[in-house]
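Here's a quick briefing to read alongside the sequence and the 3D view. Take a look at the fold, then work through the points below.

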Amino acid sequence: MSQPRNEIRTQSRSRVGSVALVGAGPGDPDLLTVKALRALASADAILFDHLVSDGVLAVCPRRATMISVGKIGHGAHCGQGEINALMIALVRAGKRVVRLKAGDPMIFGRAGEEIEALTAAGIEVEIVPGISAMQAAAASLKVSLTHRARARRLQLITGHSHTGEIPDDLDWRALSDPATTTVVYMGKHWVGVLMARLVESGVEPSCPAAAVLDASRSSERIIRATVATLAKAIEASKSAAQCIILVGKVLETRHDGPAEPAAAIRSRARSPIAVSMPREVATVQWRPASDTAKHRRRFVREPV
Ligand SMILES: C[S@@+](CC[C@H](N)C(=O)[O-])C[C@H]1O[C@@H](n2cnc3c(N)ncnc32)[C@H](O)[C@@H]1O
């Protein structure tokens, strides 16, 4: 029998514990994959980072134990060892665990450490990819990151090493290639130094650069500049939002639409999506943002 179009069905699962590293995407819950929704819908425990948006948290089933393991600024947080140990303990207790990570779990998401720890404990890990901040930024800028007339390489770098400083082993020669698009994650703090080093390495100061703040979220903001002016423009924004930086000739073209998203997109974002599962699993109702504050209050719950 065919299923109604707007219904997503999960298969009944046994009570053997399992774990999936799931990409939460950049913030807009509409960017969650169907596979991510399925994993969330059947989860007993969801360990989430602080970058996971309220909109995504709102689609998590209310019966799941929500465990915040993220670090905000220099505040208290769960260490990586504790997160690994918690996941292992939950799986061994027969729970279906989702480790919910912002963007894609395999891009600057510490997935490697978690996969290693779980595998070493004899636990098989499923990976559910997500939309990374880079893809959300490219969509917002309406820029093809690999436009064949302007870029033959796409490189992703971190602007923040494990010591908290700009990595000292970046390949500046590769970064100065005029036919490349460079995407910098975690680069806001050191953007001035990064841009200056690019110019020292041979990048034209007039080379286009952009920052997308809170990509895909209602608070999204785009800053267009050049390598010479980007740092000041970001500073002037006085924004505390998440920030992804892009540099390269692909940004020369602009396809700006209206400042406001089209009416069709706005109304789609408001409409609830029913996600129904077999009765023994759960039923999840996508709730518009207004309901998320109430839902978030439920998050302070004991681990299962
Ligand atoms: C620890 S990395 C996680 C990246 C994530 N795994 C991904 O694939 O997007 C955090 C960095 O991702 C970028 N980021 C994440 N979400 C973002 C968003 N919605 N808008 C802009 N940048 C974002 C920022 O550079 C932030 O400092």
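Of the contacts in the chain with a separation of 6 or more, 72% are between residues 24 or more positions apart; two residues are in contact if their C-beta atoms, placed from the backbone, lie within 7 Å. Keep in mind that this is a predicted model: local features need pLDDT of at least 70, side-chain atom pairs count only at pLDDT 80 or more, and totals for chains, interfaces and linings use all residues. Residues are numbered from 1 along each chain as its sequence is written.

**The whole chain**
- The chain has ten helices and twelve strands (DSSP runs numbered from the N terminus: H or I of at least four residues for helices, E of at least two for strands).
- Out of 304 residues, 38% are buried, meaning 20 or more other C-beta atoms lie within 10 Å of the residue's own.

**Two helices side by side**
- Helix α7 (residues 191-200) packs with helix α8 (residues 230-237) at an angle of about 165 degrees, and their axes are 8 Å apart (axes are lines fitted to C-alpha atoms over the stretch in contact, with angles from 0 to 180 degrees between N-to-C directions).
- So α7 and α8 are roughly antiparallel to each other, the label for angles over 145 degrees.
- Val191, Gly192 and Met195 of α7 make the contact with Leu230, Ala231 and Ile234 of α8.

**A spot in a strand**
- Met66 sits in strand β3 (residues 65-68).
- Met66 counts as buried because it has 21 C-beta neighbours inside 10 Å.
- Phe48 is 18 residues from Met66 along the chain, and their C-alpha atoms are 7.5 Å apart.

Key:
Angles under 35 degrees count as roughly parallel, over 145 as roughly antiparallel, 65 to 115 as roughly perpendicular and the rest as oblique. A residue is buried if 20 or more other C-beta atoms lie within 10 Å of its own, exposed if 12 or fewer, and partly exposed in between; C-beta atoms are placed from the backbone.
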